[in-house]
Amino acid sequence: MERIIVRSFIYPALQHPPPHLDFTDQFAFRPTGSTTAALITLLHTITYMLANSPYVRLVTLDFSRAFDTVRHRSLFQKLATMSLPDEVYNWIRNFYDHRSHCTRSGGELSDILNILASMIQRSALGPASYVVNTGDLRPVTIGNEIIKYADDTHLILPAQNTASCQPELDNISQWASDNNLRLNQNKTFEIIFSACGNRGTLAVLPPTLPNIQRVTNIKALGITITSQLSMNLPVDTLVESCGKTLYGLRVLRAHGMSDDCIKEVFRSIITAKLTNASQVWSGFCMASDINKLDRFLARC
């Protein structure tokens, strides 16, 4: 029943949201969304901004236990503004309401308390509900962008909007507080992408943000991205990781696994790693990076 509600009513409603909600920047738990689509949009946005800016700031943010803390009241307020039939909205409310929990320890049972927050784990409705909940998280300054994949949030600012970075972070913090979410400072980083040529070399970088570490490379949705948009480091890491898997294949062969089975394991693990989001990063590879991949495949 949950899947029918999501596919027949929530997904169509996401295509025609009310003015205060926007789902085009959320790439998780949607029929047309994927990590590849999110990464393509992320890199396209950065390179497009670099065409007219000496540098671009990217702040990656993560919310702690996001699915466990979303307040139902906030979710229902947003669902009420969407194009959902009354009976569907009431069914969703009934799905979340009247749930409770208690704890047993050492033979003692705690009081029963109502559950007023969190998505239902392993439910079809939970992920779709989280997408609705993030619909009103938007940048406050024209020219800035926010790209989301579930609770992974990426704030992108061109150089000319660098002064708006702290107000944008304050807005995200306020949104998180209003929705009973908390930013994980340990998983929040800033990286600055510089334009090629003299313009990027002479650019004066902005001061670091308080309590946010500035790094030279980040791992976004499983793909490592460097500040120069170079794939040298990601390719080296990828080849090293796949090389360790080759040792495992040798062990399997030594224990008598057939060649056909080894090839199937190779396709399932190594080929999957090499082709993961390759539509995104392959265009940023230099000839030396391609040669490394070719040599590794030849060794395989």
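**View 1. H98 sits in the loop between α5 (86-96) and β2 (100-101).** This is a predicted model, here and in every view below. The phi of H98 is near 60 degrees, a positive value in a residue other than glycine. Is H98 buried or exposed? H98 is exposed, with a relative accessible area of 75%. Keep this loop in mind for the next view.

**View 2. An aromatic cluster brings together F76, W91, F95 and Y96, linked by ring pairs.** Zooming in on two of the members, F95 and Y96 are both buried.

**View 3. F67 and Y130 make a stacked aromatic pair.** The structure holds six aromatic pairs. In the one formed by F67 and Y130, the rings are 4.6 Å apart centre to centre, with 15 degrees between the planes. Which helices does the pair link? F67 belongs to helix α3 (residues 66-69) and Y130 to helix α6 (residues 125-133), so to speak distant parts of the chain, 63 residues apart. Y130 counts as buried because its relative accessible area is 0%. For contrast in geometry, F95 and Y96 form an edge-to-face pair, at 5.5 Å centre to centre and with 85 degrees between the planes.

**View 4. R65 is found in the loop between β1 and α3.** Here is another positive phi in a residue other than glycine: that of R65 is near 45 degrees. R65 is exposed, and its relative accessible area comes to 59%.

**View 5. Five strands make an open sheet in the order β6-β7-β1-β8-β9.** The pairing is mixed, and the edge strands are β6 and β9, each of which pairs on one side only. Starting from the β6 end, five bridges join β6 to strand β7 (residues 152-158), and the two run antiparallel. I147 has H154 in β7 as its bridge partner. Further along, strand β1 (residues 55-62) runs antiparallel to β8, with six bridges between them. At the other end, β8 and strand β9 (residues 213-214) run parallel and are joined by two bridges.

**View 6. Strand β8 (residues 189-194) is mostly covered.** How many of its six residues are buried? The count is five. F189 is a handy place to look, with a bridge partner in each of two strands: F189 is the partner of T60, and Q213 in β9 is the partner of F189.

**View 7. The largest cavity holds about 40 Å³ of space.** The model has one cavity of 30 Å³ or more. Which residues line the largest cavity? The lining is made up of A38, L39, L42, I147, K148, Y149, H154 and L221. α2 (35-50) and β6 (145-149) each supply at least two of the lining residues. Two names here are carried over from the sheet view, as I147 and H154 are bridge partners.

**View 8. β10 and β11 form a hairpin with two residues between them.** Four bridges join strand β10 (residues 217-220) to strand β11 (residues 223-226), and the strands run antiparallel. I218 stands opposite I225 in β11. β10 shows two faces: I218 and A220 are on the covered one, N217 and K219 on the uncovered one. In the turn, L221 has a positive phi of about 55 degrees, and L221 also takes part in lining the largest cavity.

**View 9. Helix α10 (residues 259-275) has a kink of about 35 degrees.** Where is the kink centred? It is centred on R267. Among the residues of α10, I262, F266, I270 and L274 are buried. An α-helix has 3.6 residues a turn, so residues three or four places apart point the same way. After α10 comes A277, whose phi is positive, near 55 degrees.

**View 10. Zooming out, the protein has twelve helices and eleven strands.** The C-alpha trace spans about 60 × 60 × 45 Å along its principal axes. Of the 300 residues, 44% count as buried.

Conventions:
Residues are numbered from 1 along each chain as its sequence is written. This is a predicted model: local features need pLDDT of at least 70, side-chain atom pairs count only at pLDDT 80 or more; totals for chains, interfaces and linings use all residues. Side-chain values use heavy atoms; hydrogens and water are left out. The bend at a residue is the angle between axes fitted to the seven residues ending there and the seven starting there. Buried means under 20% relative accessible area, exposed over 50%, partly exposed in between (1.4 Å probe, protein chains only). Two strands pair if DSSP finds at least two bridges between them. Rings of Phe, Tyr and Trp (its six-membered ring) pair if their centres lie within 6.5 Å; planes under 30 degrees apart count as stacked, over 60 as edge-to-face and the rest as tilted. On a 1 Å grid over the protein atoms alone, a cavity is a set of points where a 1.4 Å probe fits but cannot get out, and a pocket is an open set with protein on both sides within 12 Å along at least five of seven lines; lining residues have an atom within 4 Å of a point. Grid points are joined across faces, edges and corners, and a volume is the space filled by probe spheres set on the points.
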